[in-house]
Amino acid sequence: MTAESQPQQAQPHTLTRTLTRDLGAHDGQQVRLQGFLHARRDLGGVQFAVLRDVSGVAQCVGKGLHLPLPESSIEVLGTVKAHAKAPGGYEIQITDFRVLSAAVQASPLEIPKMEWNVNPETMLDYRYVSLRGLKERAALRVQAELVRAFHDHLNGEGFTEISTPKIVSAGAEGGANLFKLDYFGEQAYLAQSPQLYKQIMVGVFERVYEVAPVYRAEEHATSRHLNEYLSLDVEMGFIDSEEDVMALENRLLASIMAHLKSSCAAEFTLLGATLPEVLPYIPRIPLMEARELVNGEYGHVVGGKDLDPEAERLLCQYYAEKHGSDFVFVTKYPRAARPFYAYPEEGGELTRGFDLLFRGIEITSGGQRINEYDMLMKSIADYKLNPESLAGYSEVFKYGMPPHGGFAIGAERLTARLLGIANVRYARAFPRDRNRLMP
(Lines give C-alpha, C1' and ligand atoms only; values in the text may rest on other atoms or scores of the structure.)
Protein backbone atom coordinates (compact mmCIF):
# COMPACT_ATOMS: atom_id res chain seq x y z
CA MET A 1 0.00 0.00 0.00
CA THR A 2 1.26 3.51 -0.75
CA ALA A 3 0.71 6.51 1.47
CA GLU A 4 -2.19 7.56 -0.72
CA SER A 5 -4.05 4.31 0.01
CA GLN A 6 -3.28 3.96 3.71
CA PRO A 7 -6.24 4.01 6.12
CA GLN A 8 -7.38 7.41 7.32
CA GLN A 9 -8.98 8.16 10.67
CA ALA A 10 -11.68 5.51 10.66
CA GLN A 11 -10.76 1.83 10.66
CA PRO A 12 -13.01 -0.59 8.72
CA HIS A 13 -14.32 -2.25 11.85
CA THR A 14 -15.66 1.04 13.20
CA LEU A 15 -17.96 1.59 10.20
CA THR A 16 -21.18 -0.25 9.47
CA ARG A 17 -21.14 -2.00 6.13
CA THR A 18 -22.72 -0.07 3.25
CA LEU A 19 -24.26 -1.81 0.26
CA THR A 20 -23.42 -0.58 -3.23
CA ARG A 21 -27.05 0.33 -3.96
CA ASP A 22 -26.95 2.88 -1.11
CA LEU A 23 -23.85 4.82 -2.18
CA GLY A 24 -25.92 7.78 -3.34
CA ALA A 25 -26.93 8.48 0.25
CA HIS A 26 -23.25 8.76 1.28
CA ASP A 27 -21.81 11.16 -1.32
CA GLY A 28 -18.62 12.67 0.08
CA GLN A 29 -18.61 10.32 3.06
CA GLN A 30 -16.37 7.46 4.02
CA VAL A 31 -17.94 4.02 3.70
CA ARG A 32 -17.05 0.38 4.24
CA LEU A 33 -17.89 -2.05 1.42
CA GLN A 34 -17.60 -5.82 1.45
CA GLY A 35 -18.07 -8.15 -1.49
CA PHE A 36 -16.28 -9.94 -4.30
CA LEU A 37 -13.67 -8.65 -6.73
CA HIS A 38 -15.85 -8.68 -9.83
CA ALA A 39 -13.26 -7.23 -12.21
CA ARG A 40 -9.89 -5.47 -12.05
CA ARG A 41 -7.59 -3.41 -14.24
CA ASP A 42 -4.41 -1.40 -13.89
CA LEU A 43 -3.91 1.88 -15.77
CA GLY A 44 -0.47 3.38 -15.25
CA GLY A 45 -0.23 2.66 -11.56
CA VAL A 46 -3.88 3.43 -10.84
CA GLN A 47 -5.91 0.34 -9.99
CA PHE A 48 -9.61 -0.07 -10.66
CA ALA A 49 -11.41 -2.73 -8.63
CA VAL A 50 -15.06 -3.43 -9.34
CA LEU A 51 -16.63 -4.72 -6.14
CA ARG A 52 -19.80 -6.82 -6.36
CA ASP A 53 -22.12 -7.33 -3.44
CA VAL A 54 -25.65 -8.64 -3.11
CA SER A 55 -27.14 -5.34 -4.28
CA GLY A 56 -24.97 -4.44 -7.27
CA VAL A 57 -21.47 -3.33 -8.26
CA ALA A 58 -19.28 -0.34 -7.45
CA GLN A 59 -16.11 0.97 -9.06
CA CYS A 60 -13.30 1.47 -6.56
CA VAL A 61 -10.11 3.37 -7.44
CA GLY A 62 -6.74 3.40 -5.66
CA LYS A 63 -2.99 3.38 -6.12
CA GLY A 64 -0.34 0.84 -5.22
CA LEU A 65 -2.90 -1.88 -4.59
CA HIS A 66 -1.98 -5.54 -4.83
CA LEU A 67 -5.23 -6.82 -6.24
CA PRO A 68 -5.94 -10.54 -5.84
CA LEU A 69 -7.57 -12.79 -8.43
CA PRO A 70 -11.16 -12.00 -9.41
CA GLU A 71 -13.83 -13.53 -7.16
CA SER A 72 -11.71 -13.04 -4.04
CA SER A 73 -13.70 -11.74 -1.06
CA ILE A 74 -12.58 -8.18 -0.33
CA GLU A 75 -13.25 -5.20 1.90
CA VAL A 76 -12.86 -1.59 0.80
CA LEU A 77 -12.77 1.56 2.90
CA GLY A 78 -13.04 4.75 0.95
CA THR A 79 -14.76 8.02 0.11
CA VAL A 80 -17.81 8.15 -2.10
CA LYS A 81 -17.58 10.52 -5.07
CA ALA A 82 -20.13 11.21 -7.79
CA HIS A 83 -18.91 9.91 -11.16
CA ALA A 84 -21.20 9.93 -14.17
CA LYS A 85 -19.44 7.05 -15.95
CA ALA A 86 -19.16 4.75 -12.96
CA PRO A 87 -21.78 2.01 -12.33
CA GLY A 88 -24.63 3.60 -10.40
CA GLY A 89 -23.14 7.08 -10.82
CA TYR A 90 -20.67 6.86 -7.92
CA GLU A 91 -17.19 5.51 -7.33
CA ILE A 92 -15.10 4.86 -4.24
CA GLN A 93 -11.72 6.50 -3.74
CA ILE A 94 -9.93 3.78 -1.78
CA THR A 95 -8.24 4.57 1.50
CA ASP A 96 -7.89 0.98 2.67
CA PHE A 97 -8.12 -2.32 0.80
CA ARG A 98 -8.21 -5.72 2.46
CA VAL A 99 -8.44 -9.25 1.11
CA LEU A 100 -10.81 -11.25 3.30
CA SER A 101 -10.39 -14.52 1.41
CA ALA A 102 -8.24 -14.79 -1.70
CA ALA A 103 -9.19 -16.94 -4.67
CA VAL A 104 -6.45 -19.57 -4.97
CA GLN A 105 -6.87 -20.04 -8.72
CA ALA A 106 -8.41 -18.22 -11.64
CA SER A 107 -12.14 -18.68 -12.12
CA PRO A 108 -13.01 -21.16 -14.90
CA LEU A 109 -15.44 -18.53 -16.23
CA GLU A 110 -14.88 -14.83 -16.77
CA ILE A 111 -17.99 -13.84 -14.88
CA PRO A 112 -18.37 -10.20 -16.07
CA LYS A 113 -18.43 -11.43 -19.69
CA MET A 114 -20.73 -14.43 -19.33
CA GLU A 115 -23.77 -14.64 -21.57
CA TRP A 116 -26.55 -17.21 -21.87
CA ASN A 117 -25.64 -17.89 -25.50
CA VAL A 118 -22.37 -19.62 -24.60
CA ASN A 119 -22.19 -23.39 -24.24
CA PRO A 120 -24.83 -24.13 -21.58
CA GLU A 121 -22.97 -27.18 -20.35
CA THR A 122 -19.92 -25.08 -19.49
CA MET A 123 -21.95 -22.66 -17.41
CA LEU A 124 -23.79 -25.51 -15.69
CA ASP A 125 -20.61 -27.52 -15.04
CA TYR A 126 -19.22 -24.54 -13.12
CA ARG A 127 -22.52 -23.49 -11.58
CA TYR A 128 -20.84 -22.80 -8.23
CA VAL A 129 -19.23 -19.73 -9.78
CA SER A 130 -21.47 -18.96 -12.77
CA LEU A 131 -24.35 -18.25 -10.37
CA ARG A 132 -22.40 -15.22 -9.16
CA GLY A 133 -22.95 -13.50 -12.51
CA LEU A 134 -25.23 -10.48 -12.43
CA LYS A 135 -27.73 -11.93 -14.90
CA GLU A 136 -27.69 -15.39 -13.38
CA ARG A 137 -28.49 -14.19 -9.91
CA ALA A 138 -31.02 -11.68 -11.26
CA ALA A 139 -33.05 -14.55 -12.72
CA LEU A 140 -33.02 -16.40 -9.41
CA ARG A 141 -34.02 -13.27 -7.50
CA VAL A 142 -36.99 -12.78 -9.81
CA GLN A 143 -38.00 -16.36 -9.11
CA ALA A 144 -37.66 -15.82 -5.36
CA GLU A 145 -39.92 -12.78 -5.54
CA LEU A 146 -42.35 -14.68 -7.75
CA VAL A 147 -42.61 -17.38 -5.09
CA ARG A 148 -43.00 -14.75 -2.37
CA ALA A 149 -45.90 -13.17 -4.28
CA PHE A 150 -47.44 -16.63 -4.74
CA HIS A 151 -47.39 -17.12 -0.96
CA ASP A 152 -48.68 -13.64 -0.19
CA HIS A 153 -51.61 -13.73 -2.58
CA LEU A 154 -52.86 -17.16 -1.56
CA ASN A 155 -52.48 -16.36 2.13
CA GLY A 156 -54.60 -13.28 1.45
CA GLU A 157 -57.31 -15.43 -0.13
CA GLY A 158 -57.53 -17.71 2.89
CA PHE A 159 -55.30 -20.57 1.73
CA THR A 160 -53.20 -22.67 4.11
CA GLU A 161 -49.69 -23.79 3.20
CA ILE A 162 -49.10 -27.54 3.51
CA SER A 163 -46.13 -29.89 3.22
CA THR A 164 -46.59 -33.29 1.61
CA PRO A 165 -44.36 -36.39 1.35
CA LYS A 166 -41.77 -36.61 -1.38
CA ILE A 167 -41.25 -40.36 -0.81
CA VAL A 168 -44.41 -42.18 -1.87
CA SER A 169 -45.69 -45.69 -2.51
CA ALA A 170 -47.37 -44.87 -5.85
CA GLY A 171 -47.44 -42.15 -8.45
CA ALA A 172 -50.12 -39.49 -8.53
CA GLU A 173 -50.58 -39.87 -12.26
CA GLY A 174 -49.57 -43.48 -12.88
CA GLY A 175 -47.26 -44.23 -15.78
CA ALA A 176 -43.58 -45.01 -15.85
CA ASN A 177 -42.12 -41.55 -15.23
CA LEU A 178 -41.26 -42.32 -11.61
CA PHE A 179 -37.88 -42.43 -9.91
CA LYS A 180 -37.67 -45.67 -7.96
CA LEU A 181 -35.90 -46.05 -4.64
CA ASP A 182 -35.38 -48.68 -1.97
CA TYR A 183 -37.32 -47.79 1.18
CA PHE A 184 -36.06 -50.25 3.80
CA GLY A 185 -36.52 -53.14 1.41
CA GLU A 186 -39.80 -51.92 -0.08
CA GLN A 187 -40.34 -50.29 -3.46
CA ALA A 188 -40.95 -46.56 -3.17
CA TYR A 189 -40.80 -43.57 -5.50
CA LEU A 190 -39.99 -39.89 -5.55
CA ALA A 191 -43.23 -37.91 -5.79
CA GLN A 192 -44.10 -36.75 -9.31
CA SER A 193 -46.76 -34.43 -7.85
CA PRO A 194 -48.38 -33.61 -4.49
CA GLN A 195 -51.74 -33.97 -6.25
CA LEU A 196 -53.27 -36.77 -4.19
CA TYR A 197 -52.17 -35.30 -0.87
CA LYS A 198 -53.33 -31.77 -1.62
CA GLN A 199 -56.75 -33.19 -2.55
CA ILE A 200 -56.90 -34.98 0.80
CA MET A 201 -55.98 -31.71 2.54
CA VAL A 202 -58.92 -29.94 0.89
CA GLY A 203 -60.97 -32.03 3.31
CA VAL A 204 -59.04 -30.39 6.14
CA PHE A 205 -58.44 -26.73 5.22
CA GLU A 206 -60.63 -26.37 2.08
CA ARG A 207 -57.99 -24.16 0.40
CA VAL A 208 -54.36 -25.30 0.35
CA TYR A 209 -51.10 -24.72 -1.48
CA GLU A 210 -47.56 -26.04 -1.49
CA VAL A 211 -44.19 -24.88 -2.84
CA ALA A 212 -41.90 -27.87 -3.22
CA PRO A 213 -39.82 -29.87 -5.72
CA VAL A 214 -41.34 -32.66 -7.78
CA TYR A 215 -39.62 -35.37 -9.78
CA ARG A 216 -40.26 -36.74 -13.27
CA ALA A 217 -38.17 -39.64 -14.60
CA GLU A 218 -38.69 -38.61 -18.21
CA GLU A 219 -36.06 -39.09 -20.89
CA HIS A 220 -36.31 -35.52 -22.12
CA ALA A 221 -33.13 -33.67 -23.02
CA THR A 222 -34.66 -30.39 -24.16
CA SER A 223 -34.45 -26.71 -23.27
CA ARG A 224 -37.92 -26.81 -21.65
CA HIS A 225 -37.78 -29.87 -19.36
CA LEU A 226 -36.27 -30.64 -15.98
CA ASN A 227 -36.37 -33.90 -14.02
CA GLU A 228 -36.57 -31.99 -10.75
CA TYR A 229 -38.39 -28.68 -10.65
CA LEU A 230 -40.16 -26.37 -8.25
CA SER A 231 -43.91 -26.86 -8.39
CA LEU A 232 -46.32 -24.20 -7.15
CA ASP A 233 -49.42 -26.24 -6.32
CA VAL A 234 -52.90 -24.99 -5.45
CA GLU A 235 -56.12 -26.83 -4.56
CA MET A 236 -59.47 -25.36 -3.49
CA GLY A 237 -62.77 -26.84 -2.35
CA PHE A 238 -66.43 -25.95 -2.76
CA ILE A 239 -66.12 -24.81 -6.36
CA ASP A 240 -68.89 -24.72 -8.94
CA SER A 241 -66.65 -25.70 -11.87
CA GLU A 242 -63.16 -25.38 -13.27
CA GLU A 243 -64.02 -21.75 -14.07
CA ASP A 244 -63.54 -20.94 -10.37
CA VAL A 245 -60.05 -22.41 -10.55
CA MET A 246 -59.12 -20.47 -13.68
CA ALA A 247 -60.47 -17.27 -12.14
CA LEU A 248 -58.25 -17.83 -9.09
CA GLU A 249 -55.18 -18.34 -11.27
CA ASN A 250 -56.08 -15.20 -13.21
CA ARG A 251 -56.12 -13.16 -9.99
CA LEU A 252 -52.96 -14.86 -8.74
CA LEU A 253 -50.97 -14.09 -11.88
CA ALA A 254 -52.09 -10.47 -11.88
CA SER A 255 -50.93 -10.17 -8.27
CA ILE A 256 -47.58 -11.84 -9.00
CA MET A 257 -46.88 -9.53 -11.95
CA ALA A 258 -47.78 -6.45 -9.91
CA HIS A 259 -45.36 -7.55 -7.21
CA LEU A 260 -42.56 -8.21 -9.70
CA LYS A 261 -43.11 -4.78 -11.26
CA SER A 262 -42.52 -3.09 -7.92
CA SER A 263 -39.78 -5.36 -6.55
CA CYS A 264 -37.71 -6.44 -9.57
CA ALA A 265 -37.60 -3.48 -11.94
CA ALA A 266 -33.79 -3.46 -11.89
CA GLU A 267 -33.60 -7.16 -12.73
CA PHE A 268 -36.01 -6.86 -15.66
CA THR A 269 -34.03 -3.88 -16.97
CA LEU A 270 -30.74 -5.77 -16.64
CA LEU A 271 -32.15 -8.76 -18.51
CA GLY A 272 -33.95 -6.69 -21.13
CA ALA A 273 -37.24 -8.39 -20.25
CA THR A 274 -40.79 -7.06 -20.14
CA LEU A 275 -43.58 -7.97 -17.79
CA PRO A 276 -46.82 -9.17 -19.37
CA GLU A 277 -50.13 -7.49 -18.79
CA VAL A 278 -52.58 -9.93 -17.24
CA LEU A 279 -56.03 -9.24 -18.63
CA PRO A 280 -58.96 -9.26 -16.16
CA TYR A 281 -60.25 -12.28 -18.09
CA ILE A 282 -57.62 -14.52 -19.68
CA PRO A 283 -59.03 -15.91 -22.97
CA ARG A 284 -60.16 -19.55 -23.09
CA ILE A 285 -60.36 -21.95 -26.01
CA PRO A 286 -61.32 -25.67 -26.03
CA LEU A 287 -58.52 -27.98 -27.13
CA MET A 288 -60.16 -29.17 -30.33
CA GLU A 289 -60.93 -25.59 -31.39
CA ALA A 290 -57.31 -24.67 -30.65
CA ARG A 291 -56.09 -27.43 -32.95
CA GLU A 292 -58.43 -26.23 -35.69
CA LEU A 293 -57.33 -22.63 -35.18
CA VAL A 294 -53.59 -23.26 -35.65
CA ASN A 295 -54.40 -25.37 -38.69
CA GLY A 296 -56.70 -22.76 -40.23
CA GLU A 297 -54.56 -19.71 -39.39
CA TYR A 298 -51.07 -21.13 -39.86
CA GLY A 299 -51.44 -24.42 -41.73
CA HIS A 300 -50.03 -26.40 -38.82
CA VAL A 301 -51.57 -29.86 -38.40
CA VAL A 302 -51.45 -31.18 -34.84
CA GLY A 303 -51.01 -34.91 -34.28
CA GLY A 304 -51.50 -36.85 -31.08
CA LYS A 305 -53.96 -36.08 -28.28
CA ASP A 306 -52.59 -32.72 -27.09
CA LEU A 307 -50.96 -29.63 -28.57
CA ASP A 308 -47.38 -30.01 -29.75
CA PRO A 309 -44.76 -27.32 -28.96
CA GLU A 310 -45.22 -25.60 -32.31
CA ALA A 311 -48.98 -25.47 -31.84
CA GLU A 312 -48.52 -23.94 -28.39
CA ARG A 313 -46.24 -21.29 -29.88
CA LEU A 314 -48.64 -20.48 -32.71
CA LEU A 315 -51.68 -20.35 -30.43
CA CYS A 316 -49.90 -17.89 -28.13
CA GLN A 317 -48.84 -15.83 -31.14
CA TYR A 318 -52.46 -15.65 -32.28
CA TYR A 319 -53.80 -14.52 -28.90
CA ALA A 320 -51.00 -11.99 -28.44
CA GLU A 321 -51.67 -10.46 -31.86
CA LYS A 322 -55.48 -10.69 -31.95
CA HIS A 323 -56.41 -10.30 -28.28
CA GLY A 324 -53.41 -8.58 -26.68
CA SER A 325 -52.92 -11.44 -24.22
CA ASP A 326 -49.68 -13.28 -23.47
CA PHE A 327 -51.79 -15.91 -21.68
CA VAL A 328 -54.43 -18.31 -22.97
CA PHE A 329 -56.29 -21.14 -21.25
CA VAL A 330 -56.78 -24.30 -23.31
CA THR A 331 -59.81 -26.16 -21.93
CA LYS A 332 -61.93 -29.31 -22.35
CA TYR A 333 -59.15 -31.86 -22.63
CA PRO A 334 -60.12 -35.43 -23.54
CA ARG A 335 -59.84 -38.09 -20.85
CA ALA A 336 -56.99 -39.77 -22.74
CA ALA A 337 -54.89 -36.64 -22.23
CA ARG A 338 -55.66 -36.26 -18.52
CA PRO A 339 -54.95 -38.27 -15.34
CA PHE A 340 -57.50 -40.53 -13.70
CA TYR A 341 -58.70 -37.94 -11.18
CA ALA A 342 -59.82 -35.40 -13.84
CA TYR A 343 -63.55 -34.69 -13.61
CA PRO A 344 -65.36 -35.93 -16.75
CA GLU A 345 -67.87 -33.82 -18.59
CA GLU A 346 -71.29 -35.27 -19.37
CA GLY A 347 -70.82 -37.93 -22.00
CA GLY A 348 -67.49 -38.97 -20.55
CA GLU A 349 -65.22 -38.10 -23.48
CA LEU A 350 -63.98 -34.71 -22.25
CA THR A 351 -62.84 -33.45 -18.87
CA ARG A 352 -62.92 -30.23 -16.94
CA GLY A 353 -59.18 -30.00 -17.29
CA PHE A 354 -57.19 -27.08 -18.66
CA ASP A 355 -53.68 -25.91 -19.45
CA LEU A 356 -52.42 -22.34 -19.30
CA LEU A 357 -50.05 -21.28 -22.07
CA PHE A 358 -47.75 -18.29 -21.72
CA ARG A 359 -45.55 -16.87 -24.45
CA GLY A 360 -45.49 -20.09 -26.40
CA ILE A 361 -45.28 -22.75 -23.72
CA GLU A 362 -47.47 -24.53 -21.15
CA ILE A 363 -46.80 -23.27 -17.62
CA THR A 364 -49.84 -24.71 -15.84
CA SER A 365 -51.94 -27.86 -15.83
CA GLY A 366 -55.13 -27.91 -13.80
CA GLY A 367 -58.85 -28.50 -13.61
CA GLN A 368 -61.71 -29.83 -11.54
CA ARG A 369 -61.15 -33.19 -9.84
CA ILE A 370 -63.43 -36.14 -9.24
CA ASN A 371 -64.89 -35.84 -5.73
CA GLU A 372 -67.42 -38.73 -5.70
CA TYR A 373 -66.16 -42.12 -4.50
CA ASP A 374 -67.98 -44.34 -7.01
CA MET A 375 -66.96 -42.16 -9.94
CA LEU A 376 -63.35 -42.18 -8.73
CA MET A 377 -63.19 -45.97 -8.38
CA LYS A 378 -64.63 -46.38 -11.86
CA SER A 379 -62.05 -43.99 -13.25
CA ILE A 380 -59.22 -45.89 -11.54
CA ALA A 381 -60.51 -49.07 -13.18
CA ASP A 382 -60.90 -47.34 -16.57
CA TYR A 383 -57.27 -46.24 -16.40
CA LYS A 384 -56.23 -49.79 -15.44
CA LEU A 385 -54.56 -48.63 -12.23
CA ASN A 386 -54.18 -50.73 -9.11
CA PRO A 387 -56.84 -49.58 -6.61
CA GLU A 388 -54.90 -51.09 -3.70
CA SER A 389 -51.88 -48.88 -4.40
CA LEU A 390 -54.18 -45.84 -4.31
CA ALA A 391 -56.18 -46.89 -1.25
CA GLY A 392 -54.50 -44.32 1.02
CA TYR A 393 -55.82 -41.65 -1.31
CA SER A 394 -59.20 -43.00 -2.37
CA GLU A 395 -60.42 -43.79 1.16
CA VAL A 396 -60.99 -40.11 1.95
CA PHE A 397 -63.60 -39.89 -0.80
CA LYS A 398 -65.88 -42.14 1.25
CA TYR A 399 -66.31 -39.25 3.65
CA GLY A 400 -67.92 -36.39 1.77
CA MET A 401 -65.22 -34.63 -0.25
CA PRO A 402 -66.53 -31.34 -1.71
CA PRO A 403 -66.32 -30.36 -5.37
CA HIS A 404 -62.75 -29.15 -5.78
CA GLY A 405 -60.02 -28.33 -8.24
CA GLY A 406 -56.62 -26.80 -8.58
CA PHE A 407 -53.52 -26.33 -10.67
CA ALA A 408 -49.75 -26.45 -10.62
CA ILE A 409 -47.31 -23.89 -12.01
CA GLY A 410 -43.75 -24.81 -12.94
CA ALA A 411 -41.71 -22.04 -11.32
CA GLU A 412 -38.71 -22.44 -13.62
CA ARG A 413 -40.78 -22.41 -16.80
CA LEU A 414 -42.66 -19.31 -15.73
CA THR A 415 -39.42 -17.59 -14.74
CA ALA A 416 -37.75 -18.49 -18.02
CA ARG A 417 -40.65 -17.19 -20.12
CA LEU A 418 -40.90 -13.99 -18.11
CA LEU A 419 -37.21 -13.23 -18.61
CA GLY A 420 -36.69 -14.53 -22.13
CA ILE A 421 -34.37 -17.33 -20.99
CA ALA A 422 -34.21 -19.88 -23.79
CA ASN A 423 -33.08 -22.80 -21.63
CA VAL A 424 -35.11 -23.59 -18.51
CA ARG A 425 -32.02 -24.97 -16.79
CA TYR A 426 -30.77 -21.40 -16.34
CA ALA A 427 -33.89 -20.68 -14.28
CA ARG A 428 -32.85 -23.12 -11.55
CA ALA A 429 -29.78 -22.78 -9.37
CA PHE A 430 -28.71 -26.42 -9.63
CA PRO A 431 -30.71 -28.11 -12.40
CA ARG A 432 -31.29 -31.82 -12.68
CA ASP A 433 -31.89 -33.12 -16.15
CA ARG A 434 -31.39 -36.38 -18.03
CA ASN A 435 -27.60 -36.18 -17.81
CA ARG A 436 -26.83 -33.97 -14.82
CA LEU A 437 -26.32 -34.85 -11.16
CA MET A 438 -23.55 -32.33 -10.43
CA PRO A 439 -22.86 -29.90 -8.91
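1. Over which residues does pLDDT stay under 50? The stretch is residues 1–12, and for these the model has 30 contacts beyond four places in sequence. This is a predicted model, and the chain as a whole averages a pLDDT of 91. A score of at least 70 is reached by 95% of the residues.

2. Some backbone geometry deserves a look. Most residues other than glycine have a negative phi, and most peptide bonds are trans. Against that background, the peptide bond from Met438 to Pro439 is cis, with omega near -10°. Pro439 belongs to the segment that comes after helix H11 (411–419).

3. Glu71 is not a glycine, yet its phi is positive, about 80°. The residue sits in the loop between strand E3 (56–63) and strand E4 (73–82). Is Glu71 buried or exposed? Its relative accessibility is 9%, so Glu71 counts as buried.

4. Glu206 also has a positive phi, of about 70°, although it is not a glycine. Its place is the loop between helix H4 (195–205) and strand E10 (207–215), and Glu206 follows H4. With a relative accessible area of 41%, Glu206 is partly exposed.

5. Helix H4 itself has Gln195, Leu196, Lys198, Gln199 and Val202 as its buried residues. Which elements cover them? The cover includes E10, strand E11 (228–237), strand E15 (361–369), helix H10 (391–394) and strand E16 (404–410).

6. The largest nonpolar core has 52 residues, of which Met257, Leu260, Phe327, Leu414 and Leu419 touch the most other members. Leaving out residues up to four places away in sequence, Leu260 touches Val142, Glu145, Leu146, Ala265, Phe268, Leu275 and Leu418. Another core lies apart from the largest one; it has 18 residues, among them Ile285, Leu287, Tyr333 and Ala337.

7. How many salt bridges does the structure hold? There are 29. One of them joins the side chains of Arg141 and Glu145, at 3.9 Å from N to O. An α-helix has 3.6 residues a turn, so residues three or four places apart point the same way. Arg141 is partly exposed, with a relative accessible area of 35%, whereas Glu145 is buried at 7%.

8. Glu210 is in strand E10, while Lys166 is in the loop between strand E6 (160–161) and strand E7 (167–168), so the pair ties together parts that are 44 residues apart in sequence. Glu210 and Lys166 are both buried.

9. In the salt bridge between Glu242 and Lys332, the closest N and O atoms are 2.9 Å apart. Which parts of the chain does this pair link? Glu242 lies in helix H5 (residues 242–263) and Lys332 in the loop between strand E13 (327–331) and strand E14 (353–358), distant parts of the chain that are 90 residues apart. Glu242 is buried, with a relative accessible area of 6%. Lys332 is partly exposed, with a relative accessible area of 25%.

10. Which residues are linked in a network of salt bridges? They are Glu121, Asp125, Arg425, Asp433 and Arg436. Asp433 also figures in a separate distance: Arg313 and Asp433 are 120 residues apart in sequence and 23 Å apart in space, C-alpha to C-alpha. Arg313 lies in helix H8 (residues 309–323). Its relative accessibility is 38%, so Arg313 counts as partly exposed.

Notes: Residues numbered from 1 in each chain as written. Heavy atoms only, no water. pLDDT = per-residue confidence, 0-100. Contact = heavy atoms within 4.5 Å. Helix = DSSP H or I, 4+ residues; strand = E, 2+ residues; numbered from the N terminus. Buried < 20%, exposed > 50% of the residue type's maximum accessible area, 1.4 Å probe, protein only. Core = buried A, V, L, I, M, F, W, Y, C linked by side-chain atoms within 4.5 Å. Salt bridge = Lys/Arg side-chain N within 4 Å of Asp/Glu carboxyl O.
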